[in-house]
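Try each task before reading its solution.

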Amino acid sequence: MPPESTPAAEVSLPAARRSRRAPLAALLAGGLQALCFAPGPLPAWCLPFVQIATLAVLAALTFGADRPRQAAGLGWLFGLAQFGIGVYWLTISMHTFGGLPLPLAIAALLLFAAAMAAYAAGACALTAWLCAGHGRPEQRAPRQILNAVAWASAWTLAEWLRGTLFTGFTWLNAGYAHAEGMFAAWAPFAGVYGLAWLSAFAAAAVALMARAKDTAYDRSAAAVVGLALLTGLLGIVWGYIPWARPLGEPLMVRLVQPATPQSEKFQPELFLPTQTRIRQLAALAPKSEADRPAVVILPETVLPIFQDQVPESVWQPWRAAAETMQATFVLGVPLHLAAPTGDRYTNGAIALRPQRADASAAGPAWHYDKHHLVPFGEFIPPGFHWFVRALNIPLGDFDRGPARQPPLAVGGQFLAINICYEDAFGEEIAATVAPDGPDAPGASILVNLSNLAWFGNSWALRQHLWIARMRALETARPMVRATNTGATAVIDARGQVLGALDPGRPGVLDAEVQGAQGLTPYVRWGNLPILIWTLLGLLLAARARRYPPA
């Protein structure tokens with residue numbers, strides 16, 4: 001062998017080994033990423049660190065890719081593992097309750113995961129294209145920082161597109177792993193997408209440091225790491241800023257968790273005994289007069305049939321309970337209401353007030369119509385009726401409610417209702433907090449009604465609670481959650497869980513909730529600032545791509 005060929009051989013062998021290990025590393029990192037969006041099995045304190053570390057693995061693989069196509073493949077494998085594991089609970093609804101054979105349910109989950117993974121693939125491909133030449137050792141701090149900005153911006157753009165296109169699916173957004181930790185205080189500024197950018201930037205910093213180890217230019221990567229740490233420390237300072245101030249007196253709230261098994265919820269012969277059991281649970285006598293609730297909140301579809309099909313013999317005891325307790329009852333119920341443009345069918349919520357006969361088959365005086373509907377569960381996307389017919393689930397093709405609806409006024413507080421996964425869309429929740437004129441105050445308390453019994457006692461319950469915590473952080477508003485099987489909880493305006501019921505067990509949670517007023521930067525401007533920042537970062541990286549790295 002000629003002497004000049006020896007170095008090339010020595011270099012190509014480890015490069016080939018790295019190339020073979022890269023797909024496995026991407027799969028393992030994506031699988032670990034799936035564990036970072038609620039505690040269990042990992043403890044809460046380590047979720048932000050594991051999320052950054054696993055995303056750093058993907059960033060390092062992307063920076064080391066030979067071409068964008070290779071980076072896209074690695075990103076797709078990462079996303080496939082992340083969603084295949086992270087939302088495994090979708091198979092429970094399709095198989096256990098929908099009757100779809102388990103192999104078909106798993107196949108449907110993998111197809112869904114493959115589609116969601118396309119966004120990560122796009123982010124990796126875009127980064128590899130923007131950072132061409134990033135592996136050269138002569139790169140110094142400015143270019144290394146720009147590489148990290150390019151990665152963070154590409155990843156955030158992919159997260160935003162995933163949460164927006166085709167009605168959006170925001171679950172497992174990187175920012176949700178930081179409902180606790182040093183980045184959490186940035187949520188009132190930039191929302192969950194801002195936290196996704198920060199976490200991706202920190203991941204890129206770790207990746208660049210690892211790639212620069214034992215080289216003459218590791219100080220350049222250290223500058224990126226230092227910048228990421230400084231950003232986190234600033235976030236701790238922001239955490240002391242009082243974005244909201246109390247509004248009026250605290251409101252006594254009762255949250256009801258019926259724990260009705262999903263297999264029984266829609267059985268006609270069980271409707272009356274189930275309603276009696278739930279009503280008795282909701283009307284339990286308080287421990288003292290001071291603990292008497294002003295509002296009693298029950299979950300989504302606690303009445304599982306349209307209100308015009310509910311007999312008067314069922315309405316009357318509910319009205320009597322509201323009168324006896326002198327409390328406003330909020331119940332989730334599908335609504336069939338007449339409208340000038342024709343009858344409307346919505347997934348909704350109604351209020352039963354004491355001393356008012358305002359709930360009957362004709363319709364309530366105050367109601368909320370769900371705005372952001374769930375594909376397949378509440379509307380059927382074009383071309384997918386064949387899939388819905390394969391499932392044995394009571395699906396609806398509901399009408400969409402208005403984007404802005406008046407809050408429910410109770411005891412000097414203004415309650416903004418959202419149903420099921422509506423609280424996964426931060427900008428829509430922020431819109432309910434902002435005033436809409438002098439006669440339309442913004443919400444002082446956020447209220448979520450959910451029924452996650454479709455997914456058993458799975459990660460879905462804890463992931464949803466973590467999402468709700470992010471909404472409280474973004475808006476500086478308390479969030480109360482009444483769910484069928486969990487997680488029923490009270491969250492304060494700083495995103496801390498003040499109390500929760502055990503999943504799967506019937507019970508009530510009585511709590512004093514302090515409403516808030518005042519607008520965070522995120523409520524004022526929504527996702528616009530982080531989107532501008534993201535696009536600016538991509539434009540700067542694209543411009544720098546035309547010049548040799550320095």
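**Exercise 1.** Find the order of the strands in the open sheet of 6 strands, and say which strands stand at its edges.

*Solution.* Start with the order, which is 7-8-9-10-11-12, with mixed pairing. Next, look at the edges: strand 7 (408–410) and strand 12 (497–500) each have a single partner strand, so one side of each is left without a neighbour in the sheet. Strands here are DSSP runs of E with at least two residues, numbered from the N terminus, and two of them pair if DSSP finds at least two bridges between them. This is a predicted model, in which local features need pLDDT of at least 70, side-chain atom pairs count only at pLDDT 80 or more, and totals for chains, interfaces and linings use all residues. Residues are numbered from 1 along each chain as its sequence is written, and side-chain values use heavy atoms, leaving out hydrogens and water.

**Exercise 2.** In which sense do strand 9 and strand 10 pair, and over how many bridges?

*Solution.* Take strand 9 (residues 445–450) and strand 10 (residues 479–483): their pairing is parallel, over 5 bridges. Then pick out S450, which stands opposite T483 in strand 10.

**Exercise 3.** Is Q82 buried or exposed? Which residues does Q82 touch?

*Solution.* First locate Q82 in helix 3 (residues 68–86); helices are DSSP runs of H or I with at least four residues. Its relative accessibility is 5%, so Q82 counts as buried (under 20% relative accessible area; exposed is over 50%, partly exposed in between, with a 1.4 Å probe and protein chains only). Finally, list the contacts (heavy atoms within 4.5 Å): leaving aside residues up to four places away in sequence, Q82 touches G30, G31, Q33, A34, F37 and L172.
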